[in-house]
Amino acid sequence: MTGKLDALLQFHQQALDLRAYRQQLLASNIANADTPGYKAKDIDFAAALQGAMAGGAGAAKLKVTSERHLGGAADPAPAGAQVRYRTPQQPSVDGNTVEMDVERMQFADNAIRYEASLSFINGKIKTLLSAIQG
C-alpha cells in the first residue's frame with residue numbers, strides 16, 4: 001500500500017526537492033549581486049524533473065581509500081539537477097553576471113510554483129483522507 005502512495009506523490013516530491021534547490025541557487029545569486037566575478041547559476045527545471053523522474057543518477061560519491069577519510073561535502077543538488085551558469089543579457093564590467101531584475105522574477109516565479117506544488121500535494125492528501133473516512 002505504501003508503494004502506491006509513494007508512486008502517487010513521487011512526482012510532486014521530486015518537483016518540491018528541485019524547486020527548493022533552485023530557490024537556494026536563486027537566493028545565492030541575489031546575495032552575490034555585488035560580488036565581483038560572481039557567475040549567476042540556475043538549473044533547467046523541466047530537464048531536471050524529467051531526469052529525476054527517469055531515475056537520474058544522484059550526486060557522485062568520493063572514492064574512499066582509507067577508513068579514516070572523512071565524508072566529503074556532497075553536492076546538495078537533487079538527482080537530475082545540473083547546475084549551469086546563466087548567460088547575462090547585459091554583462092557588467094566587474095565580471096558579475098547577476099541581473100537583479102531577472103533574478104527577482106525567477107525567484108518569485110519559482111516561489112509561486114513551489115506553493116502550487118504544495119497545494120497539489122495537499123489536495124491529493126485530502127482526497128485520500130476523504131476516501132479513507134468515507
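Reader: I am looking at D101 and R104, which both sit in helix α3 (residues 100–133), 3 residues apart, or about one turn of the helix. How are helices assigned here?

Author: Helices (H or I, at least four residues) and strands (E, at least two) are runs in the DSSP assignment, numbered from the N terminus. The protein has 3 helices and 2 strands, and from the N terminus its elements follow the order α-β-α-β-α. Please keep in mind that this is a predicted model, in which local features need pLDDT of at least 70 and side-chain atom pairs count only at pLDDT 80 or more, while totals for chains, interfaces and linings use all residues. Residues are numbered from 1 along each chain as its sequence is written, and side-chain values use heavy atoms, with hydrogens and water left out.

Reader: What do D101 and R104 form with each other?

Author: Let's start with the general idea. Side chains of opposite charge can pair when their charged atoms come close. A salt bridge here is a side-chain nitrogen of Lys or Arg within 4 Å of a carboxyl oxygen of Asp or Glu. D101 and R104 form one, with their closest N and O atoms 3.9 Å apart. The whole structure holds 5 salt bridges.

Reader: Is D101 buried or exposed?

Author: Buried means under 20% relative accessible area, exposed means over 50%, and partly exposed lies in between (1.4 Å probe, protein chains only). D101 is exposed because its relative accessible area is 63%. Over the protein's 134 residues, 26% count as buried.

Reader: How many residues apart are R113 and D109 in α3?

Author: They are 4 residues apart, so about one helical turn separates R113 from D109. Their side chains meet in a salt bridge at 3.1 Å, N to O. R113 is partly exposed, at 44% relative accessibility, and D109 is also partly exposed, at 28%.

Reader: Which residues of helix α2 are buried?

Author: In α2 (residues 45–53), the buried residues are F45, A48, L49 and A52. Viewed down the helix axis, they fall within an arc of 95 degrees, so they line one face of α2. That arc is taken from the directions from the helix axis to the C-beta atoms. The face turned away from the buried side carries the exposed residues A46 and Q50. α1 is included in what covers the buried residues of α2, where contact means heavy atoms within 4.5 Å.

Reader: Which residues make up the largest nonpolar core?

Author: A nonpolar core is a set of buried Ala, Val, Leu, Ile, Met, Phe, Trp, Tyr and Cys residues joined through side-chain atoms within 4.5 Å. The largest has 11 residues: A15, L18, Y21, L25, I43, F45, A48, L49, A52, A77 and A81.

Reader: What lies over the face of F45?

Author: A charge sits over a ring if NZ of Lys or CZ of Arg is within 6 Å of the ring centre and within 35 degrees of the ring normal. Here R19 lies over the face of F45, 3.6 Å from the ring centre.

Reader: One last pair. How many Å separate the C-alpha atoms of A27 and F107?

Author: They are 7.4 Å apart, although A27 and F107 are 80 residues apart along the chain. A27 belongs to helix α1 and counts as partly exposed, at 34% relative accessibility.
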